[in-house]
Amino acid sequence: MEPVEGVANEQDQSQLAALNFKAFLLKRSTKTNLSLYDHLTRVLIKVMDERPDNAADVFEDLSLEVKRSQLQDRQSTLRPSPEPTAALTLAQQQKGLFSQGAGDEQEEGLVETPLPNLAEQSFYFEQVGVGLGREETQRIFLALKQLVDTHPLQRCRFWGKILGIEANYTVAEVEYRDGAEEEEGEAEETHEDEQKEGDAREKDEEEVVEEVDPLPKSTYKPPPTVPKEPRGSGTNKFTYFVCREPGLPWVRLPDITPAHITVARQIRKLFTGRLDAPIISYPPFPGNEANYLRAQIARISAGTQVSPLGFYHFDEEEGEEEEGGRDNFVENPNFEGIPVQEMAESLSAWVHHVQHINKQGRCVWVNLAEKTEEDFEEEAEEEEKEEQPDEPEPEVGPPLLTPLSEDAEINNTPPWSIRLSSHLIPQYAVAYVRSNLWPGAHAYACGRKFENIYIGWGLKFLGEPYTPPVPPQPQQAYPSGPEITEALDPSLEEEQALKAALEEQQAAQEENEGLEGEEEEEEEEDD
């Protein structure tokens, strides 16, 4: 039995040694993360597949090839793939602009399109040294075609380009067909209603908290909110779409409110190129960059959109001017054009065809002193007797089709500069006008053709360094009155004098009361 046990022990030891050796072969390298066992396995598989002559002589070469193949595969997976350049990404995005459907050519020939002839406008602007270049103009032309094909538009115009720090904005001015804008505005109104409901819920929660632990209420009353003008009139007469680059999706800007315009006049901010970027300023701007962009577009349009005198005229069928002045005009079919030389010499040959924005932030003044029935009910409940302020005077700005010669100067700077495109060949020259208050606004006129464009940073020329507005005076913490006013302590002599005066007054009162009692007794005895 002893020899058998010795053999068993030897077998166990040999198996243990084999397991230890296999574990050693399976140990991975700290540099390549490969094990000798796997490497030998791959080399032997390569030998069996290729069956080379003199395998013992080329074994080292085969081992090196296996190692090299493993490292190449690993390097190919770890090597970072080259990132596409900005030009390649933009080209891929703009590739869709150059694709044309099967029935586009036939449809364009049958249906009138609101797409402007941007190539012709670009040609005239090149004569006066204004433009974006032919390549970019062609891409914008195709982007406007894409916008016209995807929206029910009645009118479309290339408004201009506003520069930004990170990206620029290409702006298109459009006008929807009758009833089409209302359908697209339902989604925005629904979103606004949801926001109002959320605000109402927050107010209800705040009221519940106040009931549990009431806090002192402020007596401050904010000024009344100026209502915005409805779509299709005033500052919201047109709708504006913007995109960062031709080929990217067009984004519709929200409607403008008087609060946006009022604050935009008091601040100066460069655009970033991101519509959702916050506007950090004082006074605080009630919105993001999309609202600020829309406010600046409205201000620039109201101050720089011009046309030749006589191209537009008021419709004779309309009645007399209303309180806010006329806000509609029609194209004059009898207009034959003004000589270019005359337009290049006189500002009276150019007129504004966009309504002026008054200090209230609207084109048509609204009386905020008029009170509704709810206001009268609240006043009746409060029973407060306060003097009613006088009725404010209506603010009326310059009417439509006012000549540029009537525009006011800013710090001895003329608001406009007019030129002729060429003095060498004046017979074929173009008259153009440039705004000095809004650098970047240009307009040309040649016969019956004219157009406006803006290419700039969206900032107005002030003529002096910008100074932020001063914060308002802080509100008093509590009303001042005699009951809380601190008084000086009286001296000893003043106390004694006051005490003597009070004693004399008390003695006089007692004497008067005694005399009155005696008179009453005498009257009773007489009775």
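Visitor: Why is Arg 157 called buried?

Guide: Arg 157 has a relative accessible area of 6%, and buried means under 20% relative accessible area, exposed over 50% and partly exposed in between, computed with a 1.4 Å probe on protein chains only. Arg 157 is therefore called buried, since its value is 6%. Before we go on, please note that this is a predicted model, in which local features need pLDDT of at least 70 and side-chain atom pairs count only at pLDDT 80 or more, while totals for chains, interfaces and linings use all residues. Residues are numbered from 1 along each chain as its sequence is written, and side-chain values use heavy atoms, with hydrogens and water left out.

Visitor: What is the mean pLDDT of the protein?

Guide: The term pLDDT stands for the predictor's confidence in each residue, from 0 to 100; the mean for this protein is 81, and 80% of its residues reach 70 or more. Over residues 106-110, however, the pLDDT is below 50, and beyond near neighbours in sequence this stretch has one contact in the model, a contact being heavy atoms within 4.5 Å.

Visitor: What makes the pairing of Glu 451 with Arg 157 a salt bridge?

Guide: A salt bridge requires a side-chain nitrogen of Lys or Arg within 4 Å of a carboxyl oxygen of Asp or Glu, and the closest N and O atoms of Glu 451 and Arg 157 are 2.9 Å apart, so the pair is counted as one. The two residues come from distant parts of the chain, with Glu 451 in strand β12 (residues 449-456) and Arg 157 in strand β1 (residues 153-162), 294 residues apart; strands (E, at least two residues) and helices (H or I, at least four) are DSSP runs, numbered from the N terminus.

Visitor: Is Glu 451 buried or exposed?

Guide: Glu 451 has a relative accessibility of 11%, and therefore counts as buried.

Visitor: Which residue forms a salt bridge with Asp 255 at 2.6 Å, N to O?

Guide: That residue is Arg 231, whose side chain meets the side chain of Asp 255. Asp 255 lies in the loop between β4 and α9, and Arg 231 in the loop between α8 and β3, 24 residues apart.

Visitor: Why is Arg 231 called partly exposed?

Guide: Its relative accessibility is 27%, and because of this value Arg 231 counts as partly exposed. Asp 255, in turn, counts as buried because its relative accessibility is 17%.
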